[in-house]
Amino acid sequence: MEINALAREALINADGIIEESFWPGRYAVELSSAAYGATWQFDTEALPNDLVKRGLAVRRDDGELELTIKDYPYAHDGLMVWNTIRQWAADYVNVYYKSDEAVAADPELKAFWDEVRNVGHGDKKDEPWWPVLDTRDSLAETLTTIMWVTSGHHSAVNFGQYHFGGYFPNRPTTIRKSMPVEEEAGRDEEMKKFLKQPETTLLDMLPTQMQAIRVMTTLDILSSHSPDEEYMGELAEPSWLEEPMVKAAFEKFGGRMKEIEGFIDECNNNPELRNRCGAGIVPYELLKPFSKPGVTGRGIPNSISI
């Protein structure tokens, strides 16, 4: 809640960092809102469904997921994290709900889901894709989706921002003028200038120094882990430790997250996986569950944090 408030105050507000430094300008947030309205579905926020929707995975006859691109680090590592969260959610749900009927009859759960659908997403409340929380499996799947979006998915798109955009020519957020093109009429002088001294044209094209500094600072802040960051599977809630079955399930969850770290290291050292190993290839570490403080390009916190 705190970082959302700060973002509304300085990042996505009118004349804020996004509007001043990204190419859509004052339409930036409006475009994001339009994209949400056109494409957002709760069910496809689940990683397996998202991959299928984008053509990056298919469901086999046995129901298992098969990647269409085997060496796709986000999907490969993400599914390990997703499956681990899914097991933890199922184990937790099964401790407190002994049957599907118990889920369907829970008034507090019903009130929670009604608020998510009818208040949180009132503009989409009548869409047919909303899950119905009437079984233990549907509840575990829904909780996994929420936990995945606010942990693994957010980490994959957030904590690598400075690595990719901190060197501004690699990922400029706006362009002040277009590059001269040989076929374009009326720009012969610009083309001659470009061919003679291309770096001058590039500097005129790239964002101003102030725009670059502002975005680099923002990316550094967004990509940083605080010294007291809490990572998934690391620390249990006190109430979980009081319930032996939940404690055991959480310990299994934490152990699996530690195993994922080792699996990812193995993949990053496998020369057959050319999208994450080889000369000039950056190892994919964004979904390694744990991290030290600072800008590390890894680590999955318990929830959205910067």
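**Ground rules.** I noted that this is a predicted model, in which local features need pLDDT of at least 70 and side-chain atom pairs count only at pLDDT 80 or more, while totals for chains, interfaces and linings use all residues. Residues are numbered from 1 along each chain as its sequence is written, and side-chain values use heavy atoms, with hydrogens and water left out.

**Domains and overall form.** The domain assignment gives domain 1 as 40–172 + 207–295 and domain 2 as 175–206; such bounds come from an automatic or database domain assignment. I read 43 Å between the C-alpha centres of domain 1 and domain 2. The C-alpha trace of the protein chain spans about 75 × 45 × 45 Å along its principal axes. I found 14 helices and four strands in the chain, taken as DSSP runs numbered from the N terminus (helices H or I, at least four residues; strands E, at least two). Of the 306 residues, 39% are buried, and here buried means under 20% relative accessible area, exposed over 50% and partly exposed in between, with a 1.4 Å probe and protein chains only. Among the contacts with a separation of 6 or more, 66% join residues 24 or more positions apart.

**Helices α10 and α11.** I then turned to helix α10 (residues 188–196) and helix α11 (residues 198–205), whose axes come within 5 Å and cross at roughly 115°; the axes are lines fitted to C-alpha atoms, for helices over the stretch in contact, with angles from 0 to 180 degrees between N-to-C directions. That makes α10 roughly perpendicular to α11, on a scale where angles under 35 degrees count as roughly parallel, over 145 as roughly antiparallel, 65 to 115 as roughly perpendicular and the rest as oblique. On the α10 side I listed K193, F194, L195 and K196, which meet P198, T200, T201 and D204 in α11. The residues of this contact divide into three nonpolar, two polar and three charged.

**F168.** Is F168 buried or exposed? F168 lies in the loop between α9 (161–165) and α10, and at 8% relative accessibility F168 counts as buried. Leaving aside neighbours within four places in sequence, I found F168 in contact with T173, P207, Q211, A212, V215 and M216.

D77 is found in helix α5 (residues 73–96) and is buried, with a relative accessible area of 0%. Beyond its neighbours within four places in sequence, D77 is in contact with I264, R276, Y284 and L287. D15, in the loop between α1 (2–11) and α2 (17–21), is exposed, with a relative accessible area of 60%. I also noted that phi of D15 is near 65°, a positive value in a residue other than glycine. Most residues other than glycine have a negative phi.

**Cysteines.** How many disulfides are there? Taking a disulfide as a pair of cysteine sulfur atoms within 2.5 Å, I counted zero disulfides. C267 is in no disulfide, and the nearest cysteine sulfur, that of C277, is 10 Å away. C267 counts as buried, at 12% relative accessibility.

Methods
Contact = heavy atoms within 4.5 Å. Nonpolar A, V, L, I, M, F, W, Y, C, P; charged D, E, K, R; others polar.
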